[in-house]
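Subject: Structure handover

Hello,

Here is the structure, with the sequence alongside. My notes follow below.

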Amino acid sequence: MASYETFEHDVLIIGAGGAGLRAAIEAAADGLKVGLVCKSLLGKAHTVMAEGGVAAALANVDERDSWRVHFADTMRGGQYLSNARMAELHAKESPDRVRELEAWGALFDRTKEGSILQRNFGGHQYPRLAHVGDRTGLEMIRALQDHGIHQGIDVHMENTIVSLLKTGDRVSGAFGYEREKGRFKIFSAKAVVLATGGVGKAYKITSNSWEYTGDGHSLAYHAGAELIDMEFVQFHPTGMVWPPSVRGILVTEGVRGEGGILTNSEGNRFMFDDIPELYVNQTADSPEEGWNYTQGDREARRPPELLTRDHVARCIVREVHEGRGSPHGGVFLDIAWIKEKIPNAQEHIRRKLPSMYHQFKELADIDITQEPMEVGPTTHYIMGGIKVDADTQMTCVPGLFAAGECAAGLHGANRLGGNSLSDLLVFGKRAGEYAAQFAADNGEVALDDSAIEEIAQQVLQPFDNPEDGDNPYEIQAQLQDKMQELVGIARSQESLMQALEEIQTLREKADSVHAIGNREYNAGWHTALDLDCLLTVSESIALAALERKASIGAHSRDDFPEKEEQGAGKYNTIVQKSQDNTMGIRREPVPELTEEYQEIIDEMG
Amino acid sequence: MEKATFRIWRGDANEAQYVDYETEVSEGMVVLDAVHRIQAEQANDLAVRWNCKAGKCGSCSAEVNGNPKLLCMTRLNDLPLDQPVTVEPMRAFPIIKDLVTDVSWNFKVKEKMKPFTPRPPDEEDGTWRMEQEDIDHIQEFRKCIECFLCQDVCHVLREHDLHDEFIGPRFFVYAASLEMHPIDTENRLEELKNQDGIGYCNITKCCTKVCPEHITITDNAIIPLKERVVDQFYDPIKRLFRVFSS
């Protein structure tokens, strides 16, 4: 066989956002040889885009908060489809994970007493999100990065993994290429952690960048792991809608947390019109009460703008469909109005939401301290993903772990804002810890050379395809259009069946896309290679969405508007590769909640 | 639809040229949108780094009409479109291909700097108490998105190529964020003076002007660090004190 550069690690971590970095730091703590593969440069992963904050029941602002309340909030937000054990671990451990960041140099905004300040966010009963203005993700990734570079981790920047390597049942490494010269790299490892983030690039309107093509989901699927609840894709209610070139860029929920309101073209605060049963007791019944809540009044209940993201997104779509939208097909998000309530509102907004001010000023010529923004839903996050053990984060493939957005279980049918940054810290650490333990307990595995040769051939195929083969960008754009149209916020049997057919057609075309030029930093070739991942995750989302014949959380079926399918009980959908290499789907019942969990949920109302 | 011409630097370290591409432009577009459209329709193998497309990650640094800019935050309606828009890579770093440069030197520089070293926690739960007003200025430094445009524009690196003796504005900002951190206990002044070349900076403020995060690099980070270096190494009273105390 041809010889490729080979790197030997005890633990290989694929993905260098918050979860990957946190896993790497943990795995390196025992002196193991750890490799960290980043698709981009270090510190550029999407964690950097997280704005509002990291959820942790520190109880610095409201002493009534505790892990039990955070647990109950997460379970309710996820419509009780979450893995309860994960929700428990997450709620219990996130405070320590946040505090630890300050030991590594992070600096969160402070309370008057000098401890970490926390803000309100949708679905969280008390002010719970530790934050730095509206650039919390940057603070977190930088703290992890600046600490991580001193832990003896081998960082492989601008490398993409195209396949996991297995020896027998066990994962034994990964095959990738480096962007600069297009050379292949072989990584051998005793344990592998996937931390590749999301799948946003499967959709046309998204807050995600080019990297988020579902690599980890697809790598795990092809290696035999299970994907759970893939139908739950979060459409964040507030993305920019104008101008067209910035459509989809995120507008933080922090705007609403600071008192921002949603209105339609008639000036009506439409979120008051539809408050779901589960949340009636927790929601303000007047604008005044809602405002008081955002200003820290402990007796007030939260404004309906801070209901869960799935619900807010659906309400916005309803307003637009019924002809009450803004000029460019969104609704209005207004923070400027708070000048009626507080002095120095302009300065206050710029201090609390500096990057939102900057973003609208520079990209849309809008001064958010003076006029409302136009916003609409944008594909933001996938709750579904690689099925893992709650405690260890190991998949059903021995030695293969997953953490962060590409893993699943914590968020159920809908993720609460702020629970992603805490998810990646808590479960990134656990994945690193247990991957290290697995590596220590299990010996070397030899790589399978023939498999490597086969992968190498496939990876070079786009260069060898006939020159009249499709342009990879075109296939990607067609897929994004179809997913947006057919597997978006509103779905039906018909749209999903059609989506599956379209995906099949595009897969055939993808096999013959042609890459021009050579292997050096060739974006067209890279796009061609990402197509397989995008098609795999798109198919799994459509298939799972077809399987769930009900509307719950982020998944809405026009043909099944009710929350529960009759007689179906609560279940998770599981996608797994079948013996004949086709994509299989099945249901697994959600385990009954233990008495202890049920008590906490009942107690929290 | 209106059209505009983009004169893009194409090639690698061995061979390169400007290539003109005409493409459609529409309201609100930024230079990165135009580069992407050209990449998708006319030049699939065009190399450009980008991620967030919202000025938050600092990946798409390049030079537009000769000015160091983030491609994602440079709007076409701020540029004269009656003439070609020149897009070329940063000039202070080795070229990889097209608009992509080898910025790995920056990562090596940071790794060599003394890491954050906090004093023991103030509280039993492992936390520290800090006043907001004591961290405001550090939070300004921590806004840095590591786009390295300040490094690109700095003449010490760009023209004099002193990458071995001078760490550049980005890492003075980093050093300042550590040195002024209320709970950090490390001292980095000797390195700043002897290895990091802070003396080479003659405060022309070019870095401050190009910073997309509007960090006042020179006034708030570099000058105070220079003052601390002077205080520690050149203050006659302190020197006398050191002679007697050693």
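The contact between the two chains takes 60 residues from chain B and 62 residues from chain A. Please keep in mind that this is a predicted model. Together the chains bury about 5100 Å², with 53% of that on carbon and sulfur atoms. On the chain B side, Asn44(B), Lys56(B) and Arg142(B) supply 15% of the area buried against chain A, more than any other three residues.

Polar contact across the interface comes to 37 residue pairs, counting those with both residues at pLDDT 80 or more. The elements of chain B that give two or more residues to the side touching chain A are helix H1 (31-41), strand S6 (95-97), helix H2 (104-112) and helix H3 (132-141). The largest share, four residues, comes from H3(B). By residue class, that side of chain B divides into 30 nonpolar, 12 polar and 18 charged.

Seven salt bridges are found across the interface of chain B and chain A. One of them joins Asp146(A) to Lys110(B), where the closest N and O atoms are 2.6 Å apart.

Salt bridges within the chains

Over all chains the structure holds 72 salt bridges. In chain A, Lys190(A) pairs with Asp10(A), with the closest N and O atoms 3.0 Å apart. This pair links distant parts of the chain: Lys190(A) sits in strand S9 (residues 184-194) and Asp10(A) in strand S1 (residues 5-14), 180 residues apart. Lys190(A) counts as buried because its relative accessibility is 15%, under the 20% cut-off. Asp10(A) is buried too, with a relative accessible area of 15%.

In chain B, Asp98(B) forms a salt bridge with Arg10(B), the closest N and O atoms being 3.1 Å apart. Here too the partners come from distant parts of the chain, 88 residues apart: Asp98(B) is in the loop between S6 and strand S7 (100-101), and Arg10(B) is in strand S1 (residues 3-11). Both Asp98(B) and Arg10(B) are buried.

Arg129(B) and Glu123(B) form another salt bridge, with 3.7 Å between the closest N and O atoms. Arg129(B) counts as partly exposed at 39% relative accessibility, and Glu123(B) counts as partly exposed at 31%.

There is also a network of salt bridges in chain A, which links Arg22(A), Glu26(A), Arg97(A), Glu100(A), Lys429(A) and Glu433(A).

A buried glutamate

Glu226(A) lies in the loop between helix H5 (215-222) and strand S10 (227-228) of chain A. Its relative accessibility is 12%, so Glu226(A) counts as buried. The side chain of Glu226(A) makes a polar contact of 2.6 Å with that of Arg586(A). Leaving aside residues up to four places away in sequence, Glu226(A) touches residues including Gly385(A), Lys387(A), Cys396(A), Ile574(A), Arg586(A) and Glu588(A).

Helix H16 of chain A

In H16(A), residues 595-603, the buried residues are Tyr597(A), Ile600(A) and Ile601(A). They lie on the same side of H16(A) because they cover an arc of only 95° around the axis. Glu595(A), Glu599(A), Asp602(A) and Glu603(A), on the other side of H16(A), are exposed. The buried residues of H16(A) pack against helix H2 (67-77) and helix H3 (84-103) of chain A.

Regards

Note on methods: Residues are numbered from 1 along each chain as its sequence is written. Chains are lettered from A and ligands numbered from 1 in the order in which they are written. This is a predicted model: local features need pLDDT of at least 70, side-chain atom pairs count only at pLDDT 80 or more; totals for chains, interfaces and linings use all residues. Side-chain values use heavy atoms; hydrogens and water are left out. Buried means under 20% relative accessible area, exposed over 50%, partly exposed in between (1.4 Å probe, protein chains only). The arc is that of the directions from the helix axis to the C-beta atoms. Contact means heavy atoms within 4.5 Å. Buried area is the accessible area (1.4 Å probe) that two parts lose on being put together, summed over both. A salt bridge is a side-chain nitrogen of Lys or Arg within 4 Å of a carboxyl oxygen of Asp or Glu. A polar contact is a pair of N or O atoms within 3.5 Å; within protein, one must be able to donate a hydrogen and the other to accept it, and residues adjacent in sequence count only if both atoms are side-chain atoms. Ala, Val, Leu, Ile, Met, Phe, Trp, Tyr, Cys and Pro count as nonpolar, Asp, Glu, Lys and Arg as charged, and the others, Gly among them, as polar.
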